[in-house]
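Please open the model in your viewer and keep the selection panel at hand.

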Amino acid sequence: MTFVKCRNAVNELSNYLDGELDEELKMTIQAHLGKCHHCHAVFDTTRKTIDLYCDGKLFPLPEDVRARLHEALRRRAQRV
Amino acid sequence: MSDSQAATLAGDESVLVSEAKAGNYAAFEELVNRYEKKIYRLGMNITGSPEDAEDVLQDTFLKAFEHLPEFREDSRFYTWIVRIAVNEALMKLRKRRSSKEVPFEETEDQDGEVLVRDYADWKPNPEQSLAREELEQILRNAIQSLPPGFRTVFYLRDVEGLSTEETAQLLNLSIGAVKARLFRGRLRLREELSKVLKRG
């Protein structure tokens with residue numbers, strides 16, 4: 001098993017989360033995360049960060065903005 | 001077209017597109033209804049401004065309406081309008097060059113080493129420990145604190161679910177640049193959220 005330093009592990013964070021590492025490097029990172037609480041926290045909370053944004057219903061479409069959109073489209077359609 | 005006919009059409013996007021191309025406005029409106037929320041969210045995430053996001057929303061669907069006859073249907077309708085919307089949103093950012101905001105092309109610390117300053121773990125289940133509105137405000141503030149080049153890539157890859165290649169093509173960036181911005185964007189967002197969500 002190859003060992004990595006924290007800095008090298010963090011550099012692979014995105015590739016690890018995206019499942020883009022080859023099997024050997026993935027195992028190496030996993031072994032590091034099993035021993036290093038700091039890196040484990042960074043990896044885990046980065047994954048949570050992504051999950052929060054995917055799950056979130058941020059920036060809902062305001063009803064008045066929607067109404068103005070449909071009005072603008074109707075006006076444009078009538079010109080055709 | 002009656003409501004029931006519209007409902008039938010709603011099941012099949014390609015039928016809606018064909019109908020809209022043939023001049024059926026109700027079919028086009030159904031396409032707008034499907035995607036207006038996502039396009040507004042895209043505009044807000046990239047521009048960070050409600051006024052600009054409304055312009056992005058209107059201009060995207062007005063352009064889609066005008067250029068629908070040119071849509072060759074070799075991709076999904078949604079992919080086509082996302083491309084229009086991203087271009088509209090980037091134009092908004094470029095027009096803001098004189099403002100204090102970092103321009104899209106000049107994203108900071110692009111090649112510098114990424115340093116993690118905060119290794120703290122978070123409190124468990126922030127979704128449950130904070131009021132929904134409070135958490136949403138925290139998420140909004142954090143993403144808007146990112147340079148536009150970072151938040152655009154983060155949004156397209158992690159929220160919209162576009163591939164690295166699709167994102168690179170849309171933004172006219174190399175694959176390496178997309179990966180670098182995504183990596184830095186994710187870490188910076190995490191650090192912003194850690195300020196509020198870490199264990200006390």
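Helices are DSSP runs of H or I with at least four residues, numbered from the N terminus. By class, this contact of α9(B) with α10(B) has three nonpolar, two polar and two charged residues, where Ala, Val, Leu, Ile, Met, Phe, Trp, Tyr, Cys and Pro count as nonpolar, Asp, Glu, Lys and Arg as charged, and the others, Gly among them, as polar.

Before going on, note that this is a predicted model, in which local features need pLDDT of at least 70 and side-chain atom pairs count only at pLDDT 80 or more, while totals for chains, interfaces and linings use all residues. Residues are numbered from 1 along each chain as its sequence is written, and chains are lettered from A and ligands numbered from 1 in the order in which they are written.

Now show the two helices as cartoons: α9(B) and α10(B) pack at an angle of about 105°, with their axes 9 Å apart (axes are lines fitted to C-alpha atoms, for helices over the stretch in contact, and angles run from 0 to 180 degrees between N-to-C directions). That makes α9(B) roughly perpendicular to α10(B), a term for angles of 65 to 115 degrees. Between them, just after α9(B), pick N172(B), which takes a positive phi of about 60°.

Which residues of α9(B) are buried? Select T167(B), L170(B) and L171(B) in this helix, residues 164-171; a residue is buried if 20 or more other C-beta atoms lie within 10 Å of its own. They cover an arc of only 85° around the axis, which puts them on the same side of α9(B), the arc being that of the directions from the helix axis to the C-beta atoms.

Next, colour chain B by its domain assignment, domain 1 (3-95) and domain 2 (104-197), with bounds from an automatic or database assignment. Nine residues of domain 1 are in contact with eight residues of domain 2, and on the domain 1 side α5(B) gives the most, with five residues.

Finally, bring in chain A, of which 25 residues are in contact with 33 residues of chain B. The largest share of the chain A side, 11 residues, comes from α4(A).

Terms used
Contact = placed C-beta atoms within 7 Å. Buried ≥ 20, exposed ≤ 12 C-beta atoms within 10 Å, placed from the backbone. Parallel < 35°, antiparallel > 145°, perpendicular 65-115°, else oblique.
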